[in-house]
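Thanks for coming. I will take the ligand site, then one of the domain interfaces.

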Amino acid sequence: MHRLPLSPNTAEVPQDRQIATSFAYKLKAAGHVAYFAGGCVRDRLLGKEPKDYDIATSATPAQVTRLFPGSNEVGAHFGVVIAKDHGVMVEIATFRTDGSYKDGRRPEAVTFSTPEEDAQRRDFTINGLFEDPETGEVIDFTGGQADLEAGVLRAIGNPADRFAEDSLRLMRAVRFATTLGFEIEAGTWAAMQDHAAGLQRISPERIRDEFSRIIVLPARRRGLELLVDSGLIQYFLPEVLPLIGCDQPPEWHPEGDVYIHTRIMLEMLGDDASLELCLAVLLHDIAKPPTRTYDEEAGRIRFNGHDALGATMAEEILRRLKYPNHVIEDVAFMVSRHMQFMNVQQMRTSKLKRFMATPTFPQELELHRVDCASSNGFTDNLEYLIEKREEFAAEPLIPKPLVTGHDLIALGVPSGPRFSEILEAVQTEQLEGRLTEREQALEWVKGLVGAS
Ligand code: ATP
Ligand code: MG
């Protein structure tokens, strides 16, 4: 009798689970032990859709590749084979123990062994579970089921050793605690703090991937706090630390220092905020500490130029973490413009339309919303922009030009800086609504060229 409806033909079972199940059946039919392992078991017990499926098996990599012709053997020397069907990839790994870790990143060698030893080499108890795909039975050598029920993230075995072996586990611990809303068990937490410096051995790309997954989570505020309180952030984003205790004018920021302001903003963002927006919020005031001055005359703290310097710092930070250029550009741009939202009501229509026409504008509007909501509570600029967006909605913010470069050439305007200045001037008139027809615009340009 099957305890769960896991037959590969059951319609409501997601396709990747069906495929992983059929792979496990194939291994079993050939006389091997085959279990679902790790994250996919954890997620099923939590009622969540797993990101991917892993199978742990008694079959050797050679036996696995024979059973799954065309499977990818790239990881075979670590005992891992990737089998594919309908674009779904399943990692099939032979039960193993990891040899010693010399570099804090990967084992020197692996030895094929038993399911129990395979569970013990995994990172956290909740990730050490196996499931029999046929019966749905959970095989628990690590106490992971009790920790799942209690909402506890606990390293398997001696936490200090486990973080010393592989420093990426430090970031994974924060990610799992944040995604699942779990408490980190005291001994595990103490070991994380002790071994935080090990993060320096991990490549920026791997740190970035974990950090990105943390900062986009709905619970990103707690994620940031765990990174700060564990000491991890010091090794990849130390610029955040001076935000702590960086005090601000209370009339603008009754909530407190820049760190609390930033954390409230992260919390206020919608659950589906983009990576770029989350990073822009985190970094929008990153240059407040280095620009902070006290204006004796006005009797207040100032942060002149923190937007421009902040954009430069954001770019440096994200480049160091090897983010792709489009992410770096968008985030730096959003940081550079966040103060301009205070002036939108004074902008001429043409300037405002150009301001609103950038691809990042919707995200910047959200940044501005949480910037105000987390501090002074002002909503006038936000409401003004929402009204204007409606008012301008009937036609494109930047309409088709009335006059083109070809027209200027025909009018005998020589190439040079003046050329683009004229095009911009005519666009300004168009955006202001003062020029609406092509003939009228051509006349206007003729007047301008003649006068110059
Ligand atoms: P998700 O796929 O949602 O990120 P996951 O737990 O499935 O989470 P994977 O990276 O897919 O994580 O790894 C699958 C399993 O392999 C984990 O559940 C864990 O048992 C083991 N594992 C992965 N990375 C490590 C590591 N650095 N140290 C020890 N075990 C690990
Ligand atoms: Mg996984």
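A polar side-chain atom of Arg-172 sits 3.0 Å from an oxygen atom of ligand 1, and for Arg-175 the distance from a polar side-chain atom to an oxygen atom of ligand 1 is also 3.0 Å. In Asp-52, a side-chain N or O atom is 3.4 Å from an oxygen atom of ligand 1. On its own, ligand 1 has 580 Å² of accessible area, and the protein covers 80% of that; accessible areas are Shrake-Rupley values with a 1.4 Å probe, and for residues only the protein chains shown count as cover. Ligand 1 is surrounded by 16 residues, the closest being Arg-42, Asn-127, Asp-166, Arg-169 and Arg-213; to qualify, a residue needs a heavy atom within 4 Å of the ligand.

A word on provenance. This is a predicted model, where local features need pLDDT of at least 70 and side-chain atom pairs pLDDT 80 or more, while totals for chains, interfaces and linings use all residues. Residues are numbered from 1 along each chain as its sequence is written, chains are lettered from A and ligands numbered from 1 in written order, and side-chain values use heavy atoms, leaving out hydrogens and water.

Now the domains. An automatic or database assignment gives domain 1 (2-150), domain 2 (152-236), domain 3 (239-394) and domain 4 (405-451).

The C-alpha centres of domain 3 and domain 4 are 35 Å apart. Between them, these two domains bury about 500 Å², 41% of it on carbon and sulfur atoms; buried area is the accessible area (1.4 Å probe) lost on putting two parts together, summed over both. Of the area domain 3 buries against domain 4, Ser-350, Lys-353 and Arg-354 supply 74%, more than any other three residues.

Key: A polar contact is a pair of N or O atoms within 3.5 Å; within protein, one must be able to donate a hydrogen and the other to accept it, and residues adjacent in sequence count only if both atoms are side-chain atoms.
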